Amino acid sequence: MFRVAQCWDDGVVSDIALTEMFRKYGARATFNLNPGFFRPQMRRYSWTHEGFDVYNLAQSELRSVYDGFQVASHTMTHADYRRMSADAFVGEAVDARKYLEDLFQRESRGFAWPCGRYTQELADRLLESGFLYGRTTKNRLQLLPVEHPLILHSSCHFLNENFMEIFERSREFGVFYFWGHSYEMHDEPSQLAALEKKIATISADPDVVWVDVVDLIREEGAGDGGQE
Ligand SMILES: [Zn+2]
């Protein structure tokens with residue numbers, strides 16, 4: 001069995017195309033969200049990425065867009081720990097989780113570090129606060145076992161030019177986990193088609209089982225993966 005997981009950050013309108021694509025191939029995914037940027041009914045302009053205007057989804061559409069997928073805390077406002085106290089950062093992480101658990105009416109114990117910035121101290125604090133894992137932006141070929149579940153690296157970014165090669169090389173370790181931002185494709189059909197080709201190839205692989213990121217940690221069993 002070759003487990004494959006993916007996650008996408010920031011809760012943006014361009015995620016809609018991804019969720020439609022993933023449903024088509026039965027691909028699981030986790031979306032890391034910043035609830036502080038969701039307006040009740042309106043999409044919110046957030047920033048411009050290389051000429052492409054990025055909008056956050058409206059709160060009113062979150063449940064339908066992410067139906068069938070996992071959502072996880074990415075802090076309320078994409079917090080930068082260097083600009084606040086540790087307590088404030090942990091508060092941002094926990095508040096986002098509570099918001100998502102209330103809205104989606106299910107447990108949400110994953111975390112993704114904004115901009116991949118983390119510290120050992122904050123990792124310990126988030127583990128104590130009940131988070132099961134925290135994704136960095138560092139890459140490793142062998143992801144498991146983790147030394148610290150709140151410092152979980154991934155195999156690669158989805159635009160890595162060696163994506164399929166890394167996928168193949170990860171096979172011997174049994175886990176491939178990639179991440180990205182849907183807005184990096186700028187809604188360009190050619191970019192979406194390139195991603196779709198990857199998703200289709202992975203889904204068609206007889207050894208592959210799509211899993212949620214949290215399953216990678218939960219099923220690891222032993223170690224310090226629990227909050228208790
Ligand atoms: Zn982010």
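The legends below describe close-up views of a predicted model. Local features need pLDDT of at least 70 and side-chain atom pairs count only at pLDDT 80 or more, whereas totals for chains, interfaces and linings use all residues. Residues are numbered from 1 along each chain as its sequence is written, and side-chain values use heavy atoms, with hydrogens and water left out.

View 1. Helices (H or I, at least four residues) and strands (E, at least two) are DSSP runs, numbered from the N terminus. Helix α3 covers residues 86-104, and its 19 residues should span 27 Å at 1.5 Å a residue, which agrees with the 27 Å between its end C-alpha atoms; the expected span is 1.5 Å times one less than the number of residues. Among the buried residues of α3 are F89, V90, Y99, L100 and F104, where buried means under 20% relative accessible area, exposed over 50% and partly exposed in between (1.4 Å probe, protein chains only). The buried residues of α3 pack against β2 (30-33), α2 (59-65), β5 (70-73), β6 (110-112) and α4 (120-128), contact being heavy atoms within 4.5 Å. Just after α3, Q105 takes a positive phi of about 55°.

**View 2. The zinc site.** The zinc ion is coordinated by D10 through OD and by H74 and H78 through NE2, at 2.0 to 2.2 Å, and these donors follow the spacing D-x63-H-x3-H along the chain. Donors are N, O and S atoms within 2.8 Å of the metal (3.2 Å for Na, K and Ca), and because water is not among the atoms, sites may look incomplete. H74 counts as buried because its relative accessibility is 1%, whereas H78, with a relative accessible area of 24%, is partly exposed.

View 3. With a disulfide taken as a pair of cysteine sulfur atoms within 2.5 Å, the count comes to zero. C115 is in no disulfide, and the nearest cysteine sulfur, that of C7, is 14 Å away. The sulfur of C156 is 12 Å from the closest cysteine sulfur, in C7, and is therefore too far for a bond; C156 counts as buried, at 0% relative accessibility.

View 4. In the loop between β3 (44-49) and β4 (52-56), E50 has a positive phi near 50°, in a residue other than glycine, and at 66% relative accessibility E50 counts as exposed. C115, in the loop between β6 and α4, has a positive phi near 60°. A cis peptide bond, with omega about 0°, joins L144 and P145, and P145 is found in the loop between β7 (133-139) and β8 (152-154).
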